[in-house]
Amino acid sequence: MNMQNIKPHACVDEVLQLAVRDFALELAKTELAIYKERKSWREACKMSAYFQSTPEKAAFSRLMYVAARVKQSYTVTEISQNLDISRQTICRFTDDCCKEGWIVWEKVHGNSYKYKASEELCQSIEEYADYSSDLFQKTAVHDAEHFLGMLKRRQPELYRQALA
């Protein structure tokens, strides 16, 4: 084999590729476990069914959670711009969610309102975070992610060592 044709950092690249593949596999397994449990959540809870029905509604719920926890409510325009979703859709979301008590509003002036998650929605998102943490601890997804992150952070150093 001609040693001049081998890139000195090919081994580093191969290890990184294997780490990405390992992380992708563990992430896929974890996401499949979450997917399987979502059906029962949707059946058991009207709020979960609503926010899990579309990616846009899920993102909307997360933004409303952030608003509540950092104490910075958002107008329809701000929500629309932040999520890149039409104002019309956001108005429908805010109307639906205010009626159900999942988000709360405050009047800022005239016909202008700001919105944030209700305590019920905040509790639900925090329960999901706790569930996710428990699930991640049962799988190898965090280990694979930490290993991949360490390799990426050390990649320049590993390349230098491969050239030495």
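In this predicted model, the axes of α3 and helix α4 (residues 76-83) come within 11 Å and cross at roughly 120°, where axes are lines fitted to C-alpha atoms, for helices over the stretch in contact, and angles run from 0 to 180 degrees between N-to-C directions. Helices here (H or I, at least four residues) are DSSP runs, numbered from the N terminus. At that angle α3 and α4 are therefore oblique to each other, since angles under 35 degrees count as roughly parallel, over 145 as roughly antiparallel, 65 to 115 as roughly perpendicular and the rest as oblique. The crossing of these two helices, α3 and α4, is right-handed, a term used if the near helix is turned clockwise from the far one by less than a right angle. On the α3 side the contact (heavy atoms within 4.5 Å) is made by A59, F60, L63 and M64, and on the α4 side by I79, N82 and L83. These residues divide into 6 nonpolar, 1 polar and no charged, with Ala, Val, Leu, Ile, Met, Phe, Trp, Tyr, Cys and Pro counted as nonpolar, Asp, Glu, Lys and Arg as charged, and the others, Gly among them, as polar.

Residues are numbered from 1 along each chain as its sequence is written. Because the model is predicted, local features need pLDDT of at least 70 and side-chain atom pairs count only at pLDDT 80 or more, while totals for chains, interfaces and linings use all residues, and side-chain values use heavy atoms, with hydrogens and water left out.

Helix α3 also packs against α6, at an angle of about 110° with the axes 10 Å apart, which makes α3 roughly perpendicular to α6. Here α3 brings S61, R62, M64, Y65, A68 and R69 to the contact, and α6 brings E119, L121, C122, Q123, I125, E126 and Y128; by class they are 7 nonpolar, 2 polar and 4 charged.

What angle do the axes of α1 and α6 make where they cross? They come within 11 Å and cross at roughly 140°, and α1 passes α6 in a right-handed crossing. The contact joins T30, A33, I34, E37, R38 and W41 of α1 to Y128, Y131, L135 and F136 of α6, with 7 nonpolar, 1 polar and 2 charged residues.

The largest pocket is lined by 17 residues, of which W41, S48, Q52, R62 and Y128 lie nearest its centre. α1 (10-44), α2 (46-51), α3 (55-69) and α6 (119-138) each give two or more residues to this lining, and α6 gives the most, with 6 residues.

How values were computed: 1 Å grid on protein atoms, 1.4 Å probe; cavity = no way out; pocket = protein on both sides within 12 Å on 5 of 7 lines; lining within 4 Å.
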